[in-house]
Amino acid sequence: MKSYYIQLIRNGLTAGNLDGKYIGHIDEQLNAEGIEQIKQMKQDYTYPVVDAVFSSPLARCTETAKLIYPGREPIIMDGLIEYNFGEFEGKTAEELEDHPVFASWLAGDKGVAPPFGESNEDFSKRIATTFIKIVDGLIESGVTKSAIVTHGGVIMALLSLFGLPEAPMHEWLTPGGCGYTVRVTPSLWSQGKKMEVIAQIPEIPGESGFSEDDFNVEDFLYD
């Protein structure tokens with residue numbers, strides 16, 4: 001049976017990442033370091049060839065997509081946008097430590113959302129609906145090789161929702177420009193909306209994928 005391979009790739013570095021800010025819906029561009037890092041990774045490592053690229057509408061994702069896949073115009077999917085941090089946008093954890101909602105939100109309490117932002121439940125529902133639409137479209141059209149360039153929170157949530165092996169969100173933390181190859185088989189997808197996580201990307205020559213030792217993961221905790 002035909003399999004469908006999707007590359008889930010995180011956007012590159014921005015100024016907000018370096019400052020440790022929550023920048024969910026803030027439309028930051030890649031900074032100079034982020035651009036150079038993606039270019040260097042493209043030169044040193046291998047990204048899988050794809051026939052279609054989907055992207056969050058935010059500049060840091062569309063720029064990353066065009067750097068990695070210059071021959072593919074990204075298909076913009078609004079539902080791939082990062083978590084809406086509401087009043088927390090543009091602030092650091094230190095600046096928010098006295099906010100009356102921050103502690104319970106950070107602890108993951110059910111139904112708690114940043115003021116004027118999304119709850120975890122609303123976020124999961126939004127990105128799940130978008131991802132299902134993409135996968136069903138790929139299966140219907142027969143496109144077997146694609147990439148989704150999106151945000152760290154989106155990738156972690158998608159893998160915790162649909163990925164096999166099953167793991168909580170924090171175990172899917174990914175550096176910028178990196179990600180995972182997932183394999184979708186129509187039978188497994190139709191039965192339980194599950195997909196197999198089969199590799200880390202980009203592929204480092206002689207290794208199976210990126211290592212946290214190769215990148216400063218802390219630069220990407222707040223995207």
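# A guided tour of the chain

The structure holds 0 disulfides. This is a predicted model.

**Stop 1: the cysteines.** Select Cys-61. Cys-61 is in no disulfide, and the nearest cysteine sulfur, that of Cys-178, lies 14 Å away. A disulfide is a covalent bond between the sulfur atoms of two cysteines. The cut-off for a pair of sulfur atoms is 2.5 Å. Is Cys-61 buried or exposed? Cys-61 counts as buried because its relative accessibility is 0%, and the limit for buried is under 20%.

Now go to Cys-178. Cys-178 is in no disulfide either, with the sulfur of Cys-61 as its nearest cysteine sulfur at 14 Å. Cys-178 is buried, with a relative accessible area of 0%.

**Stop 2: the whole chain.** Zoom out and colour by secondary structure. The protein chain has 8 helices and 7 strands. Its radius of gyration is 17 Å, close to the 17 Å that the globule rule gives for 223 residues, so the chain is as compact as a globular protein of that length.

Switch to a surface view. The accessible surface of the protein chain comes to about 10200 Å². Carbon and sulfur atoms hold 51% of that surface. Of the 223 residues, 50% count as buried.

Next, show contacts. Take those in the protein chain with a separation of 6 or more: residues 24 or more positions apart account for 72% of them.

Then colour by charge. The protein chain carries 17 positive and 34 negative charges.

**Stop 3: helix H7.** Select residues 152-162, which form helix H7. How many of the 11 residues of H7 are buried? The count is 9, so the helix is mostly covered. Pick out the buried residues: Gly-152, Gly-153, Val-154, Ile-155, Met-156, Ala-157, Leu-158, Leu-159 and Phe-162.

**Stop 4: Leu-58.** Move to the loop between strand E2 (52-55) and H3, where Leu-58 sits. Leu-58 counts as buried because its relative accessibility is 6%, and buried means under 20%. Which residues does Leu-58 touch, not counting those up to four places away in sequence? Show Gly-24, His-25, Ile-26, Asp-27, Ile-81 and His-151. Draw a distance from Leu-58 to Gly-24. These two are 34 residues apart along the chain, and their C-alpha atoms are separated by 9.5 Å.

**Stop 5: Leu-67.** Step into helix H3 (residues 59-68) and select Leu-67. Leu-67 counts as partly exposed because its relative accessibility is 25%, and that class lies between 20% and 50%. Leave aside neighbours within four places in sequence, and Leu-67 is in contact with Leu-30, Ile-35, Ile-38, Lys-39 and Lys-42. Leu-8 and Leu-67 are 59 residues apart in sequence, with 15 Å between their C-alpha atoms.

**Stop 6: Thr-92.** Finish in the loop between strand E3 (75-76) and helix H4 (93-96), where Thr-92 is found. Is Thr-92 buried or exposed? Thr-92 is buried, with a relative accessible area of 11%. Now show what Thr-92 touches, not counting residues up to four places away in sequence: Asp-19, Gly-20, Lys-21 and Tyr-22.

Terms used: Residues numbered from 1 in each chain as written. Predicted model: local features only at pLDDT ≥ 70, side-chain atom pairs only at ≥ 80, totals over all residues. Heavy atoms only, no water. Helix = DSSP H or I, 4+ residues; strand = E, 2+ residues; numbered from the N terminus. Buried < 20%, exposed > 50% of the residue type's maximum accessible area, 1.4 Å probe, protein only. Contact = heavy atoms within 4.5 Å. Rg over C-alpha atoms; globule rule 2.2 N^0.38 Å. Areas by Shrake-Rupley, 256 points an atom, 1.4 Å probe, with all protein chains shown as cover. Lys, Arg positive; Asp, Glu negative; His and termini not counted. Charge placed at Lys NZ, Arg CZ, Asp CG, Glu CD.
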